[in-house]
Each structure stands twice: as structure tokens, then as C-alpha cells.
Amino acid sequence: MAVFQGVSYEEELKKNPEMKEEDVQMLKEWYKKQPHLPPITDFELVLFLHSNYYKIEATKTTIDTYFTVKTHVPEFFANRDPLGQKELRRAFQTLVIKVLEKKTPEGYAILYGRLVDIEPSNYVYNDGMKYLSMVLDLWLHKEGTTQGHIILFDMKNVVFGHAARLNPMGLKKYLYFLQEALPVRLKGFHFMNITAVMDVILNMMKPFMKKELLDMLHTHTNLDTLSKFIPIDLLPNEAGGKGGNIAQLHEKTIKLLEENREWFLEEERTKRVNESLRPGKGKTATDLFGVEGTFKKLEID
């Protein structure tokens, strides 16, 4: 299924001495009794357990939420063919999304995102989030657990026209996934090169952010404040760092997604929940997120 050579379960146990094999075993026993869940590998159980700091009950909740959201939010998690999906191809031309080559001194990986096509009408939020999730999915399965993750969005080129293309339900869905389901230890959420448009975007996001996420949210107008959190040298050249040319970094990411086309197709086929088998009552998108269309449309003059 995978073209890449990922980290093995055994390597993960070596890498994380606090990880107990009996905890992984306990989770295996548990998920086998959850008929609605898809098959889950030992390696994936390690990712979930590590992201929850080895708390068993919290890990079970995260696992269920992760596969449930992936099933009920097709706009982010379906049709993820990196070669055959034209909306996705357009997103690849509109945005750069890359896990940077080097980690911070604490061992945190940095997910960096920025617009490369500045025309607002070419930006489609759902396709951008699909692309982001693909980059992260592949990275997690390739690299395995890490000390932590930092999300850094470079707001250079973002204008009010882009903000007008966001919608609260879309933001709510991704922020829910990020906070409740993604198997990473999130350590920072940063926006650099911000302008006045950031206030509009944050006003839309904040209602869906828990205190923990709000506490790690930082906005930066220049590199001075960002440098307190991230060594600037790690950033791409065009963002003021020495981490490589954006076009080359971008090309590398897209090539990796394309090479792993089969992996994405297989993941979508086999890693979703079957609500008809869920003990008790099956869940719907409405159960998770409330009703679409209950938000006012954002008006920007």
C-alpha cells in the first residue's frame, strides 16, 4: 500500500520508552470489539497513544473521533487522488503546504503553509484543507511520532477577498478535527506576516477554538516575535529563512503525494467507519457539527 518506507512499530517502541506494549495490546482488544471501526495497525495505535500522552481512555475517544470525522467530512477526506482530482490539482497550484525539512531544537516538526497564487477566486478552502490533511497524513505515516508539531501559516498575499471565501462551518469542521482527532502533540499555532485581514479570520475561528488552542495561538507582523518560538533559519528562503527555495520544497511535496497515490486511494477505501455497525445509534455529520446553514454569511464590504 505504501511506496514510502515508514517507521515500524518496533522502531516506535524503541523511540518512545514510555510506550507500553500492554497498552497497545489493550487498545487492540478494545477496537476489535468496535464493529464500526476500520482495521487499525499497531503503528497507528502508537500514533494515537503517543498523541494522548499514553492515556488509554483519551486515546480511545481520539481513535473513534478520527475515523468518524474522516467518514463524515467528505469535502476534506474523500476524492483524494493526487493525480486525477482536478480541484485538488488546482489547490496544489494555489498553495504551498509543507512539513519543513528541519525540526526546532525541541524536536518539533513545523507544518508551513502559504499562498502562491494570490488571486482570491482561485482559492477554495475545502480543497486547501484536503491538501493539508494529505500532507499531514503521509508525513505521520512516514515519520511516525515526534515530540510535537507547530502549524505556521504565512499570511503574505492573503487579502479580504480570501477571507470572504471562508465559511464558519468549514472552519468549525477542521478546527474540530485538529483539536479532537488529529494524532499529533500540537505545540504551537502561528500566523506570520499578518495584516488587518487576520482580525476578520480570527473572529470567525475563535468561537470554535478551545482554551488550549487559543493559548498556543500567536500572530506576528514581523520575524522578531516569531523568532521567540521558531528559529527563523528553518523557514523557507522567501519567508526570511534558509530552509530552501519555496518552489523546490513545493515540488518535492507534490511529487511525494503523487508517488503515494495508491496509498491515498487505499486509505479512503479501507479506513472509514461503518455507521450501520456502530453499537447504539449511528452518527451523522449533524451529530458532530450541528446543522449546516445556521451561520450568517460573512459580509465584507
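Since the model is predicted, local features need pLDDT of at least 70 and side-chain atom pairs count only at pLDDT 80 or more, while totals for chains, interfaces and linings use all residues. Residues are numbered from 1 along each chain as its sequence is written, and side-chain values use heavy atoms, with hydrogens and water left out.

Salt bridges come up first. Side chains of opposite charge can pair when their charged atoms come close. Here, a salt bridge means a side-chain nitrogen of Lys or Arg within 4 Å of a carboxyl oxygen of Asp or Glu. A search of the whole structure turns up 25 of them. Take Glu44 and Lys271, whose closest N and O atoms are 2.7 Å apart. Glu44 sits in helix H3 (residues 42–51) and Lys271 in the loop between helix H14 (261–270) and helix H15 (285–289), so this pair ties together parts that are 227 residues apart in sequence. Helices (H or I, at least four residues) and strands (E, at least two) are DSSP runs, numbered from the N terminus. Both Glu44 and Lys271 are buried; that label means under 20% relative accessible area, while exposed means over 50% and partly exposed covers what lies in between (1.4 Å probe, protein chains only).

Arg269 is exposed, at 59% relative accessible area, whereas Glu266 is partly exposed at 25%. Arg261 and Glu262 form another salt bridge, at 3.6 Å from N to O. Arg261 is partly exposed at 27%, and Glu262 is partly exposed too, at 45%. Some bridges join up as well: Lys70, Arg80, Asp137, Glu267 and Arg272 are linked in a network.

Next comes strand E4 (residues 186–192). Of its 7 residues, 6 are buried, so the strand is largely enclosed by the rest of the structure. Two strands pair if DSSP finds at least two bridges between them. Strand E3 (residues 148–154) runs parallel to E4, joined by 6 bridges, and Leu152 stands opposite His190 in E4. Strand E5 (residues 217–219) also runs parallel to E4, with 3 bridges between them. His190 turns up again here, standing opposite His218 in E5.

On the surface, Glu10, Glu11, Glu21 and Glu22 gather in a patch of negative charge. Such a patch is made of residues with over 30% relative accessible area and no salt bridge, with like charges joined within 9 Å. Helix H1 (9–15) and helix H2 (21–32) each supply at least two residues of the patch. Glu10, which lies in helix H1, is partly exposed at 49%.

Finally, the backbone. Most residues other than glycine have a negative phi. Tyr54 has a positive phi, near 65°, and is found in the loop between H3 and helix H4 (56–72). With 17% relative accessibility, Tyr54 counts as buried. Asn79 has a positive phi as well, near 55°, and belongs to the loop between helix H5 (74–77) and helix H6 (86–94). Asn79 is partly exposed, at 46%.

How values were computed: Patch = residues over 30% accessible without salt bridge, like charges linked within 9 Å, V, L, I, M, F, W, Y side chains within 5 Å. Areas by Shrake-Rupley, 256 points an atom, 1.4 Å probe, with all protein chains shown as cover. Lys, Arg positive; Asp, Glu negative; His and termini not counted. Charge placed at Lys NZ, Arg CZ, Asp CG, Glu CD.
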